[in-house]
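Subject: Handover of a structure and notes on its contents

Dear colleague,

Please find below the structure that I am handing over to you.

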Amino acid sequence: MSAFSAIGEEREIDRDEYTPSVEPQATWCPGCGDFGVLKSLKQALPEVGRSPEETLLVTGIGCSGKLNSYLDSYGFHTIHGRSLPVARAAALANPELEVIAAGGDGDGYGIGGNHFMHTARENHDMTYIVFNNEIFGLTKGQTSPTSPKGHKSKTQPHGSAKTPIRPLSLALTSGASFVARTAAVNPNQARDILVEAMNHDGFAHVDFLTQCPTWNKDARQYVPYTDINDSDDYDFDPTNRADAQELMRETEDKLYEGEVLTGIYYREDDRPSYQQEKRELGELPEEPLAERYFDDDYEWERSYDRFIDKHK
Amino acid sequence: MADDELIWRIAGGSGDGIASTSQNFAKALMRAGLHVFTHRHYPSRIRGGHTYVEVRASADPVKSRGDGYNFLLALGDSFARNPQEGAYYGNEEVKPLSENLDELREGGVIIYDEGLLDPADIPDFEERAEENDWHVYPLDLRGLAREKGREVMRNTAGVGATCAIAGIELEWIQELMADAMPEKILEPNVDILETAYEQVSEEYDVDAPGIDVPQGEHEEEQLLMSGSDAIAYGAIDEGCRFIAGYPMTPWTEVFTIMSQNLPELGGISEQVEDEIAAAALAVGASHAGAKAMSGSSGGGFALMSEPLGLAEITETPLVLVEAMRAGPSTGMPTKPEQADLEHVLYTSQGDSHRVVLAPGTVEEAYDHARTAFRLAYDYQIPSVVIYDQKLSGELTNVPASTFDREPNPSMGKTLTEAELADEPHTEDGKFHRFQHDVEDGVSPRSIPGQKGGRYLVTGNEHNPAGHISEDPDNRVSQVNRRFEKMDAIRADLDENSLLSPHGPEEAEYGILTFGSQQGTVEEAVDRLNANGHGVKTLSVGELAPYPVEAVEAFVESVDEVLVVEMNASAQFRGLTQKELGRYGEKLHSLLKYNGNPFEPAEIVEGFETSIVEDGELPGHETKFVPAAGD
Ligand SMILES: Cc1ncc(C[n+]2csc(CCOP(=O)(O)OP(=O)(O)O)c2C)c(N)n1
Ligand code: SF4
């Protein structure tokens with residue numbers, strides 16, 4: 001018998017199950033785009049068939065990190081920029097969990113940038129949602145790695161001289177096997193993309209455009225978006241890496257000109273996830289690690305026995 | 001010094017096979033019934049540079065390197081042999097002969113490779129040899145190796161010559177070679193070994209130095225182990241099946257051993273992008289229900305202070321290893337020091353607590369690793385095993401039965417789904433992770449994926465249900481509860497003491513130490529008592545929570561205390577004074593921080609000059625700091 005009967009249990013899942021019974025102390029401002037992510041996620045999870053108890057949501061620090069307080073699943077609100085290493089270890093220790101990491105653009109592309117690159121390259125089987133509001137929200141409106149060039153804030157009063165990061169291109173070149181962008185202003189597309197991302201076997205990166213009406217009033221993301229996958233203007237094949245790269249190059253910066261393009265930019269469905277690769281090398285157990293600690297009959301090997309001869 | 005011991009030093013260039021040859025030599029002597037202890041000296045480079053290993057062997061237990069040594073095998077050096085048109089591996093000349101003479105004892109033996117080294121290059125060599133009654137054996141080790149096999153096998157020729165002069169039975173070495181070497185190279189090696197043995201026996205008077213390896217016998221089977229081996233094996237026996245790390249000397253040794261073991265055991269090893277990630281992975285894996293560890297050396301451990309604090313406030317069990325080397329910053333990568341103590345004790349912001357354990361010997365390294373895991377999982381707290389480059393690399397014989405202990409797969413207070421379904425774990429249908437007001441401050445946890453156990457854990461202060469809270473009363477009770485664990489752990493450790501006392505109970509003086517200096521201090525204490533002083537020592541293996549009562553009793557029981565540690569700022573003495581709250585005038589420091597560990601004679605000298613004669617220590621290598629009250 002598995003020690004984790006919530007995993008893989010077949011049942012109807014109601015999205016209200018994800019609603020915490022207590023009002024979260026950490027509250028987002030009215031009109032915050034983060035509510036949009038929450039809503040889409042609550043719709044997507046039941047659609048993927050994942051119950052709150054087989055879902056592990058790992059967040060970083062920032063307004064985005066408060067997502068945990070609004071979503072009643074297993075949750076781990078970690079430290080600034082470090083959601084990915086925590087999450088991917090959980091996904092290795094128990095590959096049967098639905099592991100979702102979430103954080104902000106400062107959290108994920110700034111302080112956690114190194115982890116982003118490496119988690120993408122390793123293609124861990126998990127979903128990573130970055131709440132991209134082009135600003136540091138929680139610390140009151142400083143410039144973030146996705147703030148447009150020239151953006152003025154209290155810490156950069158003369159305007160930023162830095163070119164914003166290109167998250168989609170970065171994810172793709174780092175090796176993510178699924179790269180998408182969606183926006184809080186389009187809940188239906190957002191839900192669908194999250195479903196695809198969670199069903200994807202490998203690292204699924206979703207750059208989620210969210211508005212911060214408190215600190216970033218002039219972000220262009222509020223304007224209507226174009227779904228590249230539906231648009232007649234963009235006829236391309238998201239499974240073709242070169243196409244995806246080209247499209248990102250052409251369109252990613254248009255965000256700052258007010259032309260918001262969303263959709264699945266890239267997906268590579270036949271590439272094995274890191275978990276799969278590691279399992280094939282004999283470096284990942286079949287069962288979740290925790291199973292054996294609950295199993296009274298498990299034979300704990302005097303493990304290094306096979307190595308002890310070399311000490312004799 | 002004692003005649004009943006052999007301290008054999010093999011010296012040459014890095015990459016000359018010094019490490020493997022000495023390891024095999026030590027193992028052969030161990031198998032023959034002797035106690036062995038190896039000391040390793042190497043520079044921070046891969047090839048070239050001067051390196052040596054000492055193997056000390058005696059019929060009695062040996063706990064440290066000796067003072068100096070009595071047998072030198074000076075090989076040539078790869079540096080000298082590989083000049084490709086002036087392209088050297090480095091700009092530093094390797095001098096396996098001259099570099100090593102200062103510590104060679106009177107009456108000692110020198111074997112050198114005459115094809116590669118010339119004592120004429122060394123000023124006053126002959127005078128020194130005569131003055132010190134050294135027995136010098138020039139041998140064409142390279143020529144012999146070339147003739148019978150390959151040049152690299154000149155190590156074997158040197159070992160053969162050693163056996164002839166030190167009265168070591170060739171079979172001991174041959175047997176080991178047969179076990180350790182592939183068929184192809186075994187034959188020429190045995191040939192070289194025997195030829196060198198015969199040549200030396202025929203051409204020279206091998207009895208002249210009067211060095212004969214003592215006879216010994218072990219009551220039970222012994223294993224040749226390093227501190228890093230022992231830590232890794234302790235972790236494995238305690239059920240650790242997940243490790244994440246990033247290489248940094250000397251932590252890399254534990255990381256490597258674990259990585260070689262874990263996949264075979266259905267465990268997971270991850271080399272990741274940096275140390276922040278490494279420790280964060282260990283936290284994530286532990287949260288998901290694995291027994292997990294990470295570790296590093298000073299600079300890498302600095303990066304881990306964030307995830308360490310996260311583990312503390314979220315009450316996620318976490319084991320970290322800190323293998324100290326000389327700092328700050330990159331410091332001296334291959335040299336031991338004990339100067340990261342305060343860093344490990346106090347890293348991470350806020351009122352954060354952790355267990356800190358410091359093994360003093362290879363055997364203790366195994367025990368402490370096990371205890372670190374047990375405490376981390378029983379009390380849901382980070383625990384750190386702190387040791388140093390000396391203990392990580394030194395090889396010594398350990399009774400095989402040390403490793404016969406039962407595995408411990410217990411995850412501590414972790415509920416099964418059946419238990420989760422019961423009150424009082426579930427209030428209003430939800431699991432309250434930090435609810436239970438239990439005596440030791442530990443509240444049981446669930447594992448993601450378990451039915452009925454879902455909860456939020458956060459690095460922010462939180463209420464019993466796990467939700468973020470800045471309520472002042474809640475804050476106080478959460479801080480207090482986390483703090484209470486330390487009392488419970490203290491009581492636990494009192495029952496399972498990691499303190500190592502040594503010497504006569506009734507003694508006038510005491511020496512306090514911690515970590516890798518333990519064996520050296522114990523040897524010094526034996527000598528001091530033999531010299532007519534009344535001295536005992538206490539090696540403190542539990543640094544946090546600190547064993548206040550036991551150390552207080554020790555300090556009370558003697559007139560004066562010398563505190564021995566390898567750093568310049570007397571960190572261990574500082575900790576002791578802070579924890580005990582007094583005795584400033586009774587604790588004197590003996591410090592060493594030149595990159596080399598203490599030798600027993602230095603401690604004897606330090607004790608005699610500072611405590612007995614109330615004077616100041618000579619020399620620049622050790623530093624005597626009078627008690628704070630002086
Ligand atoms: C190590 C560390 N540095 C700085 C902070 C302060 N801090 C908290 S949130 C934040 C920025 C968050 O910005 P972003 O990730 O864009 O998230 P948002 O609040 O906009 O959702 C910073 C700098 C911290 N908590 N930890
Ligand atoms: S500060 Fe901005 S990002 Fe944060 S909650 Fe308010 S609106 Fe949302």
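Predicted model: local features only at pLDDT ≥ 70, side-chain atom pairs only at ≥ 80, totals over all residues.

Ligand 1

The shell around ligand 1 holds 17 residues, and those that come nearest are A:Cys63, A:Asp107, A:Ile135, A:Gly137 and A:Leu138. The site is shared between chains, because the residues that surround ligand 1 come from both chain A and chain B. Two elements of chain A, helix 4 (105-111) and strand 5 (135-136), each supply at least two residues of this shell. Helix 4 of chain A has the largest share, with four residues. Sorted by class, the shell around ligand 1 consists of six nonpolar, eight polar and three charged residues.

Oxygen atoms of ligand 1 take part in several polar contacts with chain A. A polar backbone atom of A:Ser64 is 3.0 Å from an oxygen atom of the ligand. For A:Asn133, a polar side-chain atom lies 3.0 Å from an oxygen atom of ligand 1. In the case of A:Asp105, an N or O atom of the side chain is 3.4 Å from an oxygen atom of ligand 1. On its own, ligand 1 has 590 Å² of accessible area, and the protein covers 75% of this.

Ligand 2

Around ligand 2 are the residues A:Trp28, A:Cys29, A:Cys32, A:Cys63, A:Asn133, A:Cys212, A:Pro213, A:Thr214 and A:Trp215. By class, seven residues of this shell are nonpolar and two are polar, while no charged residues are found in it. A:Cys63, listed here around ligand 2, is also among the residues that come nearest to ligand 1.

The largest cavity contains about 130 Å³ of space. Its lining is made up of 15 residues, and B:His39, B:Arg40, B:Pro336, B:Gln389 and B:Lys390 lie nearest its centre. Strand 2 (35-41) and helix 15 (389-393) of chain B each supply at least two residues of this lining, and strand 2 gives the most, with four residues. The lining of the largest cavity divides into three nonpolar, eight polar and four charged residues.

The largest pocket holds about 560 Å³ of space. Of the 24 residues that line this pocket, B:Gln23, B:Arg40, B:Ser226, B:Glu253 and B:Leu395 lie nearest its centre. At least two residues of the lining come from each of helix 1 (18-31), strand 2, strand 7 (222-226), helix 9 (252-261) and helix 15 of chain B. Helix 9 of chain B gives the most, with five residues. By class, the lining of the largest pocket has seven nonpolar, 12 polar and five charged residues.

Local features

Helix 5 of chain A (residues 113-122) is mostly covered, with seven of its 10 residues buried. The buried residues are A:Gly113, A:His115, A:Phe116, A:His118, A:Thr119, A:Ala120 and A:Glu122. Just after this helix, A:Asn123 takes a positive phi of about 60°.

In chain B, helix 16 (residues 417-420) includes B:Glu419. B:Glu419 counts as partly exposed because its relative accessibility is 36%, which lies between the limits of 20% and 50%. The C-alpha atoms of B:Glu419 and B:Gly453 are 9.8 Å from each other, and the two residues are 34 residues apart along the chain.

With kind regards

Note on methods
Residues numbered from 1 in each chain as written. Chains lettered and ligands numbered in written order. Heavy atoms only, no water. Near = heavy atom within 4 Å. Polar contact = N/O pair within 3.5 Å; in protein donor to acceptor, adjacent residues only side chain to side chain. Areas by Shrake-Rupley, 256 points an atom, 1.4 Å probe, with all protein chains shown as cover. Nonpolar A, V, L, I, M, F, W, Y, C, P; charged D, E, K, R; others polar. 1 Å grid on protein atoms, 1.4 Å probe; cavity = no way out; pocket = protein on both sides within 12 Å on 5 of 7 lines; lining within 4 Å. Points joined across faces, edges and corners; volume = space filled by probe spheres on them. Buried < 20%, exposed > 50% of the residue type's maximum accessible area, 1.4 Å probe, protein only.
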